[in-house]
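Please look through the sequence and the model shown here before reading on.

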Amino acid sequence: MSFRERWTKEFAKMLNENERKAFRLWLEFSQGKILESEFQSKMDLKIMPKMLGKMSAARMNALEDEVERLRKRVASLENKVRK
């Protein structure tokens, strides 16, 4: 599973039902599955900004976790090479 797939799955678990709907709508738009006009017509202006804020924070946390995971992996591989 790619980083994006893992992140998407974990992020969706954090959201309430309305935010999850907004996230799915955003995903469809960002993947080019729906047009901008359809996205704008279905977008809830009360929910979307809050969901996007959560998404930004969750992305930063997930990227930091991924960097740490990769550092540990590299350290482990370097130890194996030294032996």
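Where is L45 found? L45 sits in the loop between α3 and α4 (48–82), where helices (H or I, at least four residues) and strands (E, at least two) are DSSP runs, numbered from the N terminus. L45 is exposed, with a relative accessible area of 66%; here buried means under 20% relative accessible area, exposed over 50%, and partly exposed in between, with a 1.4 Å probe and protein chains only. In sequence L45 and A22 are 23 residues apart, and in space their C-alpha atoms are 9.7 Å apart.

The structure is a predicted model, in which local features need pLDDT of at least 70 and side-chain atom pairs count only at pLDDT 80 or more, while totals for chains, interfaces and linings use all residues. Residues are numbered from 1 along each chain as its sequence is written, and side-chain values use heavy atoms, with hydrogens and water left out.

**The chain as a whole**

The protein chain has four helices and zero strands, and its pattern along the sequence is α-α-α-α. Its radius of gyration, taken over C-alpha atoms, is 17 Å, well over the 12 Å that the globule rule gives for 83 residues, so the chain is more spread out than a compact globule; that rule is 2.2 Å times the number of residues to the power 0.38. Along the principal axes, the C-alpha atoms fill a box of roughly 60 × 20 × 15 Å. Of the 83 residues, 24% count as buried. Among contacts with a separation of 6 or more, 61% are between residues 24 or more positions apart, a contact being heavy atoms within 4.5 Å.

**Aromatic rings**

A pair of aromatic rings is described by the distance of the centres and the angle of the planes. Rings of Phe, Tyr and Trp (its six-membered ring) pair if their centres lie within 6.5 Å, and planes under 30 degrees apart count as stacked, over 60 as edge-to-face and the rest as tilted.

| Pair | Centre to centre | Angle between planes |
|---|---|---|
| W7 and F11, stacked | 5.0 Å | 5° |
| F29 and F39, stacked | 4.5 Å | 15° |

F29 in helix α2 (residues 17–30) and F39 in helix α3 (residues 36–42) are ten residues apart, and their pair links distant parts of the chain. F29 is partly exposed, with a relative accessible area of 29%, whereas F39 counts as buried at 9% relative accessibility. W7 and F11, by contrast, lie four residues apart in helix α1 (residues 3–14), so they are separated by about one helical turn, and both are buried. W7 and F11 also form one aromatic cluster together with F23 and W26.

E19 is found in helix α2 and is buried, with a relative accessible area of 2%. E66, which lies in helix α4, is buried as well, with a relative accessible area of 15%. Leaving aside its neighbours within four places in sequence, E66 is in contact with F3 and R6.
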